[in-house]
Amino acid sequence: MTDVPTTTKADWTSDQEVRWCPGCGDYSILTAVQMLMPELNVRREDTVFVSGIGCAARFPYYMNTYGMHGIHGRAPALATGLAMARPELHVWVVGGDGDMLSIGGNHLLHALRRNVNLNILLFNNQIYGLTKGQYSPTSEIGKVTKSTPAGSIDEPFNPVSVAIGAEASFVARTHDMDRQHMMDMFRRAHDFPGASFVEVFQNCNVFNDGAFGAITKKDKRASMLIPLEHGQPIRFGENDENGVVINPQGSAEVVNVADVGESALLVHDETRQDPSLAFALSRLSAGPFEPTPIGVYRAVERSEYAGEASKQLALAQEQSGPGDLEALLHSRPTWEVS
Amino acid sequence: MTDTVPRIVGTRELNRLVVRFAGDSGDGMQLTGDRFTSASALFGNDLATLPEFPAEIRAPQGTLAGVSAFQVQVSDHDITTPGDAPNVLVAMNPAALRKELMHLEFGGTVIVNQDAFVERNLTKAGYDADPLDDGSLDNYTLFKVPMTTITKEVCKDLGVKPRDAERSKNFFALGLLSWLYSRPAQPTLDWISAKFKRQQMIADANTAAFKAGMAFGETAELFDFTYEVKPAALAPGTYTNVNGNTALSWGLVAASQQAKVPLFLGSYPITPASDILHELSQRKNFGVRTLQAEDEIAAVCAALGASFGGHLGITTTSGPGIALKGETIGLAVSLELPLLVINIQRGGPSTGLPTKTESADLMQAMYGRHGESPVPIVAAYSPSQCFFAAIEAARIALKYRTPVILLSDGYLANGSEPWLLPDVSTLPDLTVEFATGPNHTKDDGTEVFWPYLRDPETKARPWAVPGTPGLTHRIGGIEKEDGTGNINYEADNHGYMVKLREERVAHIANDIPPTMLDGDTGDADLLVLGWGSTWGAITSAVMRARAEGRKVAHAHVTHLNPLPRDLGDIVRRYPKVLVPEMNLGQFCRIIRAEFLVDAQSVCKVEGIPFTAAELHSHINGVLDD
């Protein structure tokens with residue numbers, strides 16, 4: 001589309017005052033999105049942000065696009081209807097871990113397996129923020145919060161594992177401390193035709209400050225974040241001294257490259273149909289205290305839902321002609337009374 | 001038992017006939033009733049049907065729980081109900097006889113499949129002795145017909161498996177009834193060959209069974225008469241036989257066509273609403289998009305998302321589904337987008353009676369959301385009228401940018417009647433205007449778009465569809481400022497918006513038809529006030545009372561929120577007001593609260609509709625009180 005007007009970040013910024021707590025990780029995510037938009041060669045009016053409820057779900061108000069702030073957990077369902085009605089739109093879904101994995105977990109699963117053309121950004125801060133600090137479905141076991149004074153006894157979800165298990169076609173992970181990486185992931189999500197799922201590690205500095213600090217602080221990243229790059233052996237560390245192999249049991253494992261040799265390392269293939277390696281990578285880290293892969297886990301194209309639905313409509317019109325109401329009413333046996 | 005020469009059998013004319021087919025769930029009784037109905041419709045009778053089937057797909061064979069029944073009234077005059085007591089009961093097994101005999105009129109005709117009356121089936125049905133022999137049916141005219149034996153016999157050379165041959169026995173019963181009541185055979189034969197065109201052996205078996213049934217009637221010397229119900233003198237035109245769910249589906253398609261707005265249905269399968277999803281999913285060439293969602297909430301959310309995208313978003317369900325959709329309907333109230341929420345009511349609470357009818361979701365429709373969350377409500381009152389009710393509900397949703405709840409119920413959904421097909425050129429024009437440009441000039445002269453700036457007449461906000469340049473805006477469920485639509489938590493603003501949303505709905509009363517008031521009834525002693533599917537039974541009951549010289553008026557309300565402007569005058573005009581409902585008096589409570597009249601409630605919450613006889617007796621009771 002060559003006739004898309006050139007825009008700047010300011011064009012994508014709404015006139016609404018941003019109301020997140022000072023220091024919230026959501027600010028840097030918002031900036032990354034607003035900075036990315038001018039680069040995507042899309043029109044503001046063709047872009048829609050849909051959200052549920054929660055801190056993250058305020059996101060649409062701050063984008064100078066079309067937007068809908070829905071109800072708790074239901075953003076993927078609202079967005080599915082919109083995307084089916086208007087397949088030409090670029091529909092983004094924004095929500096937090098409680099919104100998308102707890103109350104709205106079901107809708108996330110089904111949007112992913114249907115492969116609706118949505119860009120789904122899950123801001124994972126491992127806590128309920130808007131309701132002031134209860135544990136979330138991604139909180140670690142033992143988490144002490146207002147609602148778990150004796151510590152959480154719930155096993156947390158791993159959002160990337162959930163997405164891969166839900167037949168997601170595109171799954172990526174990034175974090176709020178690295179704008180360029182976020183922009184790269186969001187761009188990939190936008191470019192991917194189908195449901196794109198991006199987990200963003202996001203700091204809630206009020207109720208769960210530093211939850212990801214052990215892996216996302218600048219001085220920790222080299223040793224604790226494992227960049228996934230398509231076609232490359234998976235390596236990380238200050239001097240790339242560590243790597244990832246698939247062990248004989250089929251699990252991913254961090255090794256010292258010097259011990260195993262470079263040829264033993266797993267070469268990342270995001271386009272691999274079989275999701276088991278991507279899943280194995282998602283299980284590499286038990287939480288944000290161990291080396292954790294970031295980047296695109298999986299990008300495997302398959303039929304997109306709204307497009308398939310439109311094709312069925314086109315085919316029906318081709319086969320039966322456009323709908324004729326008079327004919328429909330007379331489509332069953334009729335009789336005349338004179 | 002066979003004659004070589006056809007016997008001369010006399011024909012007696014009936015004004016009306018009520019037949020009830022009953023058998024095991026696997027016996028095909030719904031199909032049999034449906035075919036009898038279709039043949040009668042094509043013959044030109046007026047008719048009304050009442051299918052009744054268990055919630056279980058196949059309850060244990062031969063048990064009372066597994067009995068499935070279909071009642072149809074055919075007549076030579078205009079009728080509005082499937083009849084009170086059947087004249088004829090066809091019982092395919094002992095359980096069907098035991099369960100359904102109580103419905104039969106005294107002295108009525110019982111036709112049984114004699115082959116099914118064996119000890120095992122009798123025991124399952126709870127009979128100690130064979131009712132065909134113990135004199136317990138002496139008050140009825142009993143015909144014992146070996147349906148299974150004859151059906152197997154006529155199928156034996158067709159190559160069909162014995163089990164499949166036996167399954168054709170319902171067509172034997174249909175053939176026998178068709179002969180006995182002078183129904184035309186051709187529509188049924190045509191239907192069999194069309195339906196089973198890819199299963200020739202099944203078609204042959206069913207055809208053979210049907211013809212054998214007709215031949216049996218003619219030759220068996222059991223029957224002294226055949227009966228005939230002449231065509232009804234209905235208004236001239238083209239008719240089709242339609243049930244409520246089909247008519248409703250077609251009404252939705254019509255609304256979409258008349259509005260030139262594509263239809264989007266988000267739905268989750270639920271009895272008795274699923275047939276609307278089935279029907280609409282076949283209408284893709286009308287541009288209809290259907291989504292079988294992951295749950296009830298997703299279904300309504302997807303519909304609302306589609307409405308945001310400029311489609312007519314619709315969701316169909318039954319009461320339990322409405323309970324789940326409540327929060328999203330509230331969101332639609334706040335977003336002020338068109339949304340059609342269709343409730344095919346069934347027995348409740350909870351799972352309740354999935355396959356039985358009830359109209360107990362009126363208060364749920366009125367108040368089943370948190371906060372002050374008014375929603376217009378339209379109720380259908382007959383199977384064919386579901387078509388127009390759907391168009392009317394869509395009209396209100398589109399014109400006033402609001403969720404609308406359309407109430408039907410299991411009785412209307414599955415019941416059928418002849419429908420004088422409307423001239424589609426007479427359907428209302430529902431064209432909507434989408435926002436195309438800025439609607440507000442700021443003090444500094446810049447042109448902007450305000451999503452909550454209203455049409456002064458309809459109080460509807462603009463429908464600005466994503467993709468339209470210059471109109472980007474954000475909407476949401478948080479309280480907003482009128483005009484700009486910006487988030488606003490101020491006390492005064494909330495008070496204003498709450499009243500505005502209430503007025504928006506109340507104001508629709510200026511744009512709905514007056515109350516349906518039947519006949520010249522200004523001097524009536526009693527007003528019978530109904531809504532929904534009670535229309536048929538009330539109409540018949542009132543006619544009977546009037547035939548006895550009683551002065552009775554009948555008003556029927558199709559718009560339950562807002563109520564018609566003239567309803568207050570109507571309910572105050574008569575000395576007595578009786579409100580029959582398939583609930584514990586929900587509408588009666590509204591009438592008493594709104595108009596301070598001493599309306600009396602008559603309730604039936606048993607999963608089956610009122611009969612005209614019941615209401616007739618209530619009418620007389622109130623008048624004699």
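Predicted model: local features only at pLDDT ≥ 70, side-chain atom pairs only at ≥ 80, totals over all residues.

Modeller: Residues are numbered from 1 along each chain as its sequence is written, chains are lettered from A and ligands numbered from 1 in the order in which they are written, and side-chain values use heavy atoms, without hydrogens and water.

Colleague: What distance separates the centres of domain 1 and domain 3 of chain B?

Modeller: The domain bounds come from an automatic or database domain assignment. In chain B, domain 1 covers 10-229, domain 2 covers 240-424, domain 3 covers 433-511 and domain 4 covers 516-624. Taken over C-alpha atoms, the centres of domain 1 and domain 3 of chain B are separated by 60 Å.

Colleague: Which residues touch the most other members of the largest nonpolar core?

Modeller: A nonpolar core is a set of buried Ala, Val, Leu, Ile, Met, Phe, Trp, Tyr and Cys residues joined through side-chain atoms within 4.5 Å. Buried means under 20% relative accessible area, exposed over 50%, and partly exposed in between (1.4 Å probe, protein chains only). Among the 161 residues of the largest core, those touching the most other members are Leu252(B), Leu529(B) and Phe587(B).

Colleague: Which helix gives this core its largest share?

Modeller: Helices (H or I, at least four residues) and strands (E, at least two) are DSSP runs, numbered from the N terminus. The largest share of the core, 11 residues, is supplied by residues 386-400 of chain B, helix H14.

Colleague: How many salt bridges are found over all chains?

Modeller: A salt bridge is a side-chain nitrogen of Lys or Arg within 4 Å of a carboxyl oxygen of Asp or Glu. A search of the whole structure gives a total of 35.

Colleague: Is Arg395(B), the salt-bridge partner of Asp511(B), buried or exposed?

Modeller: The closest N and O atoms of Arg395(B) and Asp511(B) are 2.6 Å apart. The pair links helix H14 of chain B to the loop between helix H16 (491-506) and strand S20 (516-518) of chain B, 116 residues apart. Asp511(B) has a relative accessible area of 23% and is partly exposed. Because its relative accessibility is 15%, Arg395(B) counts as buried.

Colleague: Which residue forms a salt bridge with Asp518(B)?

Modeller: Asp518(B) lies in strand S20 of chain B, and its partner, 28 residues apart, is in helix H17 (residues 535-547). With the closest N and O atoms 3.1 Å apart, the partner is Arg546(B).
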